[in-house]
Every structure is written in structure tokens, then in C-alpha cells.
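Me: I would like to go through this model and ask, for each label attached to it, what the label rests on.

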Amino acid sequence: MERKQSELTVITKAKDLCSYVMTVTQKSPKHFRYTFVNKLQNLALSVIENLFRANDVYVSNQDIPAQKERLGFQRAAMTDLKLLGYMAMLSMEQECILPKQYEQIARQVTDCQNLLGAWMNSDRRRLQP
């Protein structure tokens with residue numbers, strides 16, 4: 001996947017995670033299609049959506065509502081990542097995905113959480129009065 005020069009690393013990693021989730025879930029047993037598969041795919045897409053929304057909010061020291069809006073999208077993405085990790089674990093336990101697939105998803109989720117946390121901390125430090 002080609003990366004744009006200006007794209008945040010967390011967004012690139014989230015795209016990779018989403019792509020992996022889509023690939024893995026296509027091979028899942030059919031009887032999981034409307035439970036685990038649907039949930040995993042929707043959460044992966046939601047992470048990317050919230051990251052894009054957060055990145056599109058222009059923030060400055062004086063614009064408190066914009067800061068809160070961006071933080072809200074960042075927190076929503078973080079929650080979706082936590083849920084995605086849990087749903088992946090549950091999917092593995094129910095044999096919807098393989099243990100190796102779960103490990104890869106968990107690793108990618110952790111990478112995204114760390115990058116997102118760093119972005120949130122950077123915003124907090126940069127926008128302090």
C-alpha cells in the first residue's frame with residue numbers, strides 16, 4: 001500500500017489493520033458472517049473513519065471546541081481499537097479466526113493504540129496554554 005507523504009503513521013497502520021481484518025474474515029466460516037465477521041469489519045472501518053475525522057479537525061490554542069472535537073474522535077478510535085482487540089480474541093476462542101491471525105490483529109491493534117496515544121499526548125502538550 002502506497003503511503004502519502006502527509007498521512008499520519010497511525011492512519012497508515014490502521015489501514016493495514018483494516019486490510020488484514022478484511023482478508024482474514026473473508027476466510028472465516030460462513031456461520032460467523034453476521035456475528036464476528038460483521039463486527040470485526042465494522043470496528044476496523046470505524047477506527048479509520050474516526051482517525052480521518054480527528055485529523056480533519058484543525059486545532060489551535062484558542063479554539064477549545066475544535067480541541068474537544070478532535071479529542072472526541074481520537075477517543076472513539078481508541079475505544080474501537082480496544083473493542084476490535086477483544087472481538088478478535090473472542091473470535092479466536094470461537095474458532096472464527098486462527099490463533100496466528102489473532103496474534104497478528106492483536107499486534108497491529110497495539111501498534112495503532114500506541115501511535116494514537118502518542119498523537120493524543122502530542123496534541124495535549126502542544127495545545128497547553
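Me: Which residues of α2 are called buried, and what makes them so?

Reply: In this predicted model, the buried residues of α2 are F36, V37, L40, Q41, L43, A44, V47, I48, N50, L51 and A54; the word applies because a residue counts as buried when its relative accessible area is under 20%. These residues pack against α1 (9-26), α3 (64-93) and α4 (99-126).

Me: How do you know that the span of α2 is close to the expected one?

Reply: Helix α2, residues 33-56, has 24 residues and reaches 33 Å from its first C-alpha to its last, and this is set against the 34 Å expected at 1.5 Å a residue.

Me: Which elements give two or more residues to the largest nonpolar core?

Reply: That core has 31 residues, and those with the most contacts inside it include L17, L51 and L81. The elements giving two or more residues are α1, α2, α3 and α4, with α2 giving the most, nine residues. L17, for its part, touches L81, L84, I105, Q108, V109 and C112, leaving aside residues up to four places away in sequence.

Me: Why are C18 and C112 called buried?

Reply: C18 has a relative accessible area of 6% and C112 has 1%; since the cut-off for buried is under 20%, C18 is buried, and C112 counts as buried too.

Notes. Residues are numbered from 1 along each chain as its sequence is written. This is a predicted model: local features need pLDDT of at least 70, side-chain atom pairs count only at pLDDT 80 or more; totals for chains, interfaces and linings use all residues. Side-chain values use heavy atoms; hydrogens and water are left out. Helices (H or I, at least four residues) and strands (E, at least two) are DSSP runs, numbered from the N terminus. The expected span of a helix is 1.5 Å times one less than its number of residues. Buried means under 20% relative accessible area, exposed over 50%, partly exposed in between (1.4 Å probe, protein chains only). Contact means heavy atoms within 4.5 Å. A nonpolar core is a set of buried Ala, Val, Leu, Ile, Met, Phe, Trp, Tyr and Cys residues joined through side-chain atoms within 4.5 Å.
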